[in-house]
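Thank you all for coming; today I would like to walk slowly through one protein chain, beginning with the overall fold and ending with a few single residues. Please keep the structure open while I talk.

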Amino acid sequence: MNIQVRAFDHPDAVKLNDRVQLEYAERYGDEGDVTPLDATMFDPPHGLYLIAYDGWDRPVATGGWRSQERNAEGYSGGDAELKRMYVIPEGRGQGLARRILAALETDARAAGRTRMVLETGDRQPEAIALYLSSGYTPCAKFGHYRTYDSSRCYAKPLQSLRSLQEGGAV
């Protein structure tokens, strides 16, 4: 697998976003995720968007983060919000989501973000399992779907390597 930085409006990103929206619509019986997103939200250093390609250069997985600051939707200053994590069905079970998640966390940490946050839904148990096994814990709801009963929000501190060393954790 080859993971590349891409713009959120890159044709491969659009293709994968269309696929994940169809999956959301099937799982939740609605139009998919209508959270307002702009391609520039993922531009470094305030975000990053990644696409994984298989050995035939086909896009098979995606994920990104965008900066958030304290606001009325429940974000905290220094947040990095995880968005559009998705692996096509035929690419699942290969650890792609875990690799993309780790790369996004590393980049957000390097950009000075202090916490990675994400919102998923109760009909995505595999996503919830990934996040829990990656050190995320439930947190106060935030974002576009914060008032929905099906919404599940998680967070993970993003300490810098220096902070970890000073704290004796490394």
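Predicted model: local features only at pLDDT ≥ 70, side-chain atom pairs only at ≥ 80, totals over all residues.

What follows is a tour from the whole chain down to individual positions.

Let me begin with the fold. The protein chain has 4 helices and 7 strands, and if you read along the sequence, they come in the pattern β-α-β-β-β-α-β-α-β-β-α. How does the radius of gyration of the protein chain agree with that of a compact globule? For 170 residues, a compact globule would have a value near 15 Å, and the protein chain has 15 Å, so the two agree. The C-alpha atoms fill a box of roughly 45 × 40 × 30 Å along the principal axes, and 43% of the 170 residues count as buried. If we take the contacts with a separation of 6 or more, 63% of them are made by residues 24 or more positions apart.

The protein chain exposes about 8,800 Å², of which carbon and sulfur atoms supply 52%. There are 21 positive and 24 negative side chains, and the centres of these two sets lie 5 Å apart.

Next comes the interior. In soluble globular proteins, nonpolar side chains tend to be buried together. Here, the largest nonpolar core has 36 residues, and the ones that touch the most other members are Leu-82, Leu-104, Met-116 and Tyr-131. Several elements give two or more residues to this core, among them helix H1 (11-28), strand S4 (79-87) and helix H2 (96-110), while S2 gives the most, with 6 residues. A second, separate core has 5 residues, including Val-117, Phe-142, Cys-153 and Ala-155. If we return to Met-116 and leave aside its neighbours within four places in sequence, its contacts include Trp-65, Leu-82, Leu-104, Tyr-136 and Ala-155.

Are they buried or exposed? Pro-59 has a relative accessibility of 13% and therefore counts as buried, and Gln-68 is buried too, because its relative accessible area is 12%, where the cut-off for buried is under 20%. Not counting residues up to four places away in sequence, Pro-59 touches Asp-12, Leu-16 and Ile-88, among others, whereas the residues that Gln-68 touches include Tyr-75, Asp-79 and Arg-113. Pro-59 and Asn-2 are 57 residues apart in sequence, and their C-alpha atoms are 9.4 Å apart in space.

Finally, I want to point out some details of the backbone. Pro-44 and Pro-45 are joined by a cis peptide bond, with omega about 5 degrees, and Pro-45 is found in the loop between H1 and S2. Which residues other than glycine have a positive phi? One of them is Asp-57, with phi near 65 degrees, and another is Arg-84, with phi near 55 degrees. Asp-57 sits in the loop between S2 and S3 and is exposed, because its relative accessible area is 53%, over the 50% cut-off. Arg-84, by contrast, belongs to strand S4 and counts as buried, because its relative accessibility is 6%.

Definitions and conventions: Residues numbered from 1 in each chain as written. Heavy atoms only, no water. Rg over C-alpha atoms; globule rule 2.2 N^0.38 Å. Buried < 20%, exposed > 50% of the residue type's maximum accessible area, 1.4 Å probe, protein only. Contact = heavy atoms within 4.5 Å. Areas by Shrake-Rupley, 256 points an atom, 1.4 Å probe, with all protein chains shown as cover. Lys, Arg positive; Asp, Glu negative; His and termini not counted. Charge placed at Lys NZ, Arg CZ, Asp CG, Glu CD. Core = buried A, V, L, I, M, F, W, Y, C linked by side-chain atoms within 4.5 Å.
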